[in-house]
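Thanks for making the time this morning. I would like to walk through a few places in this structure, taking the pockets and some backbone details in turn.

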Amino acid sequence: MTWRYARRYAPLVTMPITVPAYGKEAAGRLASMADVTADDGALRRFLHGLPGVDAVGLEARAATLGTRSIKTTAKAYAIDLAISMIDLTTLEGADTPGKVRALCAKGIHPDPTDRTSPKVAAICVYPDMVATAKEALGDSGVHVASVATAFPAGRAALPVKLADTRDAVAAGADEIDMVIDRGAFLSGRYMEVFEEIKAVKEACARPGGTSQTESGGGSAAHLKVIFETGELQTYDNVRRVSWLAMLAGADFIKTSTGKVAVNATPPVTLLMLEAVRDFHAATGVQVGVKPAGGIRTTKDAIKYLVMVNETLGERWLTADWFRFGASSLLNDLLMQRQKLSTGRYSGPDYVTVD
Amino acid sequence: MTFDYAPAPESRAVVDIAPSYGLFIDGEFAPACDGKVFKTVSPSSEEVLSEVAQAHADDVDRAVKAARKAFEKWSALPGAERAKYLFRIARIIQERSRELAVLESLDNGKPIRESRDADLPLVAAHFFYYAGWADKLDHAGYGQNPRPLGVAGQVIPWNFPLLMLAWKIAPALATGNTVVLKPAETTPLSALFFADICRQAGLPKGVVNIITGDGSTGAALVAHPDINKVAFTGSTEVGKAIARTVAGTDKKLTLELGGKAANIVFDDAPIDQAVEGIVNGIFFNQGHVCCAGSRLLVQESVQDELLDALKRRMQTLRVGDPLDKNTDIGAINSAEQLARITALVDAGEAEGAERWAPACELPGSGYWFAPTLFTGVTQAHRIAREEIFGPVLSVLTFRTPAEAVEKANNTPYGLSAGIWTEKGSRMLWMASKLRAGVIWSNTFNKFDPASPFGGYKESGFGREGGRHGLEAYLNV
């Protein structure tokens with residue numbers, strides 16, 4: 001049923017079988033779309049030919065999904081799922097190895113009073129903290145995600161951005177969160193943004209390791225592409241940049257750096273989920289989504305999970321395909337978790353402050 | 001493990017339904033003169049909610065007399081004084097909105113999400129809006145000191161019981177009329193609760209009278225010689241009968257009747273939002289909406305893409321307990337309506353249209369119909385011409401804007417229409433060509449008290465809402 005919807009985007013002969021964006025087969029699938037990325041003109045025509053977005057309708061849909069009432073067993077499931085999807089983040093000039101190690105300890109055992117709490121998905125740090133985080137996390141299974149490419153502004157020459165990326169990968173980063181060149185995108189230089197994402201993806205390959213296979217040591221780092229949607233402003237831009245990044249090989253698309261006034265919002269995230277859904281229908285390639293910044297409460301997190309559930313479905317409801325970029329969210333999730341298991345409200349002194 | 005939403009029922013405890021209700025005449029509840037009653041049931045469970053009085057013609061007469069008596073003082077009040085009562089009613093509705101939302105969902109079968117987020121806010125907004133007009137009638141464009149008509153006889157349908165009451169009563173009272181209102185037979189409860197709100201607001205006796213009953217009560221009301229105005233919302237069939245009754249009298253008449261709205265999707269439409277608009281257009285309130293977008297006209301070049309997206313979206317609709325906060329589609333209002341929907345859907349299949357519905361488990365008791373769409377529908381099919389008044393969408397196609405206009409207008413109705421395109425000039429061109437009272441662009445089923453609402457052709461005449469809505473209750 002879904003592939004016919006995709007005809008507008010790519011003339012596929014058969015219904016595509018799902019492959020992960022980081023898998024070996026993804027490149028072949030992207031090659032089937034090579035005509036739209038052949039040159040600047042083709043790419044521009046394609047991106048501008050995508051269906052427009054009606055802002056009022058999009059916001060209304062996100063708001064309606066936000067009214068879903070998630071209670072009891074569904075809430076318990078959602079809280080544990082949300083915890084397992086967190087990229088626990090510290091991106092401060094004041095970060096120290098001590099701070100990063102503390103965060104790593106929390107990521108492995110989020111609730112010191114309840115060892116049944118799931119661990120978070122990753123610890124997200126600046127490149128120079130990758131080695132520290134990697135060591136602290138050991139074989140816990142929690143990934144190290146590193147921002148790169150002159151985060152958060154992305155205003156540096158390409159060789160600098162690539163060196164930044166390689167450095168983080170060499171230090172052991174499992175995931176790279178790159179920022180796009182918003183200036184290039186806003187001035188219509190789509191091909192430049194496309195090529196840059198492709199180059200960073202190549203830089204994610206681990207020297208000596210097998211590229212594009214299972215995550216973990218030796219394999220390529222997974223690439224998350226940050227759009228900084230607060231700077232791109234329009235929903236049409238968000239849909240276009242989502243397709244642009246996915247065509248260039250993004251494993252995840254991510255809303256924001258958390259460093260500007262407007263970060264992740266439900267409508268922007270919903271729109272990106274829809275783009276991922278349509279890209280999957282067209283190519284079979286599964287891409288993840290990461291809203292980041294401004295998600296602080298359990299209630300908010302659950303709204304995002306509802307959007308994922310009703311837009312992309314179950315297949316995306318794992319830490320492999322959906323993440324929250326957040327720091328304070330975790331403690332609220334833990335307090336709600338304690339409330340569900342004990343029946344009493346706890347307080348900020350019953351969760352750890354890092 | 002899957003993300004299954006646990007039941008999230010809104011509490012019934014917030015509403016206290018009495019075992020029986022009388023007629024609200026001259027500020028008092030009283031049984032019918034002959035003591036007759038009928039039961040009102042919850043369509044989602046067939047549970048009897050209460051017994052209400054079946055008004056006899058003599059009760060109607062008593063109600064009209066009470067309204068006539070109250071008219072003199074009420075119409076003589078300064079507009080600002082009438083506004084105070086209306087503002088008070090609006091605020092009480094807001095304060096009691098949860099109770100009223102639960103009541104409405106119980107008696108009507110609509111999902112609590114809609115009664116809570118659409119019906120009740122609009123009800124309060126309508127009273128606030130017309131309260132604002134009450135002391136500004138001199139500036140409404142009808143000259144100095146426009147006069148009310150007198151006693152208004154109002155008959156309302158079961159699809160939006162309290163909202164249709166607000167649409168009728170708020171402008172009538174703001175302009176200085178008094179009213180006798182008859183709610184629909186299957187949904188009398190929220191109007192009776194409104195009677196209580198009138199008492200709570202200290203509204204003078206007889207200004208609002210609520211009489212419950214079946215079609216015979218409504219017929220007695222519109223035929224009563226001492227009413228000056230008849231306002232009816234409901235089926236075209238009954239509307240025609242009322243028009244015949246009123247013909248030759250000096251009663252002023254407004255009719256808001258059926259519809260078979262075209263929801264027109266062009267190939268440059270914002271597809272995801274168009275899908276939401278189509279869903280909202282036909283599945284909102286189980287499709288029990290006179291302005292429902294029941295005919296989808298889709299440009300052939302985008303048909304497959306749109307229908308696939310629509311079907312995918314329909315699979316996520318949650319049909320079930322109206323009081324569950326996660327329900328998208330509730331119960332069909334009555335067994336009678338369910339039979340009417342089923343008959344038309346059967347006719348659609350018999351005439352060769354292709355029926356599709358998502359896999360969807362329906363509750364065992366109560367009246368239910370799965371969201372359904374028909375493809376391969378032509379203008380010649382009954383399901384393209386007759387109002388189904390249920391969650392059933394007929395899909396037709398077109399090739400050019402001119403053909404879209406032609407097909408959209410080729411109906412005896414003309415209540416509403418929708419246009420989906422990113423191109424502003426086409427939007428405006430279409431709007432100027434479509435013969436429908438309400439035209440939405442890149443949205444559907446959006447209501448606002450400031451916006452006039454009403455139909456062309458067999459969808460009725462007269463406008464409700466906005467400044468235009470005042471005219472229906474003024475002697476101008």
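This is a predicted model: local features need pLDDT of at least 70, side-chain atom pairs count only at pLDDT 80 or more; totals for chains, interfaces and linings use all residues.

Most residues other than glycine have a negative phi, and most peptide bonds are trans.

In chain A, A:Ala150 has a positive phi of about 60 degrees although it is not a glycine, and it lies in the loop between β4 and α8 of that chain. A:Ala150 counts as partly exposed, at 25% relative accessibility. In the loop between β4 (143-148) and α8 (158-170) of chain A we also find A:Pro152, which is joined to A:Phe151 by a cis peptide bond with omega of about 0 degrees.

Let me turn to the annotated position. Which residue carries the UniProt feature "active site"? The record, an unreviewed entry, places that feature at B:Glu256, a residue of strand β10 (residues 252-256) of chain B. B:Glu256 is buried, because its relative accessible area of 4% falls under the 20% cut-off. Leaving aside neighbours within four places in sequence, B:Glu256 is in contact with several residues, including B:Thr233, B:Cys290, B:Phe453 and B:Glu464.

Now to the pockets. The largest pocket holds about 1000 Å³ of space, and of the 37 residues that line it, B:Trp158, B:Gly234, B:Ser235, B:Val238 and B:Arg340 lie nearest its centre. B:Gly234 is also among the contacts of B:Glu256. At least two lining residues come from each of α7 (215-223), β9 (229-233), α8 (236-246) and α11 (335-350) of chain B, and by class the lining has 16 nonpolar, 11 polar and 10 charged residues. Domain 1 (12-257 + 457-471) and domain 2 (262-441) of chain B each give at least three residues to this lining.

The second largest pocket has a volume of about 880 Å³ and is lined by 41 residues, with A:Thr64, B:Arg113, B:Asn280, B:Phe284 and B:Lys446 nearest its centre. Two or more lining residues come from each of α4 (55-65) of chain A and α4 (112-133), α5 (161-174) and α9 (271-283) of chain B. Its lining has 21 nonpolar, nine polar and 11 charged residues.

How values were computed:
Residues are numbered from 1 along each chain as its sequence is written. Chains are lettered from A and ligands numbered from 1 in the order in which they are written. Side-chain values use heavy atoms; hydrogens and water are left out. On a 1 Å grid over the protein atoms alone, a cavity is a set of points where a 1.4 Å probe fits but cannot get out, and a pocket is an open set with protein on both sides within 12 Å along at least five of seven lines; lining residues have an atom within 4 Å of a point. Grid points are joined across faces, edges and corners, and a volume is the space filled by probe spheres set on the points. Helices (H or I, at least four residues) and strands (E, at least two) are DSSP runs, numbered from the N terminus. Ala, Val, Leu, Ile, Met, Phe, Trp, Tyr, Cys and Pro count as nonpolar, Asp, Glu, Lys and Arg as charged, and the others, Gly among them, as polar. Domain bounds come from an automatic or database domain assignment. UniProt positions are given in the numbering used here, feature names are shortened, and annotations may be inferred rather than shown by experiment. Buried means under 20% relative accessible area, exposed over 50%, partly exposed in between (1.4 Å probe, protein chains only). Contact means heavy atoms within 4.5 Å.
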